[in-house]
Amino acid sequence: MNRFRYGEYDDGPDPLAPPYDVRAAVDELGRDIVAGADPRQALRDLLRRGTQSVRGLEGLLRDVQQRR
């Protein structure tokens, strides 16, 4: 049986440390929802594309592909 220990994140910079702008992310979610998007889909899209100050999953994937 595998045992897992959970602890403080110590492998690189904290992804939620400043300058992460929570207000900007919530504003973008709000815009998408007001425009008619499902809240779940709006969150998925935000994670995929990121915000102005934070890369999304697409940007991270692009970086991984370039490093290969």
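Tutor: Leu43, Leu47, Leu57 and Leu60 make a nonpolar surface patch of about 370 Å². This is a predicted model: local features need pLDDT of at least 70, side-chain atom pairs count only at pLDDT 80 or more, and totals for chains, interfaces and linings use all residues. Residues are numbered from 1 along each chain as its sequence is written, and side-chain values use heavy atoms, with hydrogens and water left out.

Some terms come next. Patch residues have over 30% relative accessible area and no salt bridge; like charges are joined within 9 Å, nonpolar side chains (Val, Leu, Ile, Met, Phe, Trp, Tyr) within 5 Å. A salt bridge puts a side-chain nitrogen of Lys or Arg within 4 Å of a carboxyl oxygen of Asp or Glu. Areas are Shrake-Rupley values with a 1.4 Å probe; for residues, only the protein chains shown count as cover.

Two helices carry the patch: α2 (39–49) and α3 (57–67) each supply at least two of its residues. Helices are DSSP runs (H or I, at least four residues), strands likewise (E, at least two), numbered from the N terminus. The chain has 3 helices and 0 strands, in the order α-α-α from the N terminus.

Leu57 lies in helix α3. Leu57 is exposed, at 54% relative accessible area. Buried means under 20%, exposed over 50%, partly exposed in between (1.4 Å probe, protein chains only).

Now the wider chain. Of its 68 residues, 15% are buried. The chain exposes about 6600 Å², with 52% of it from carbon and sulfur atoms.
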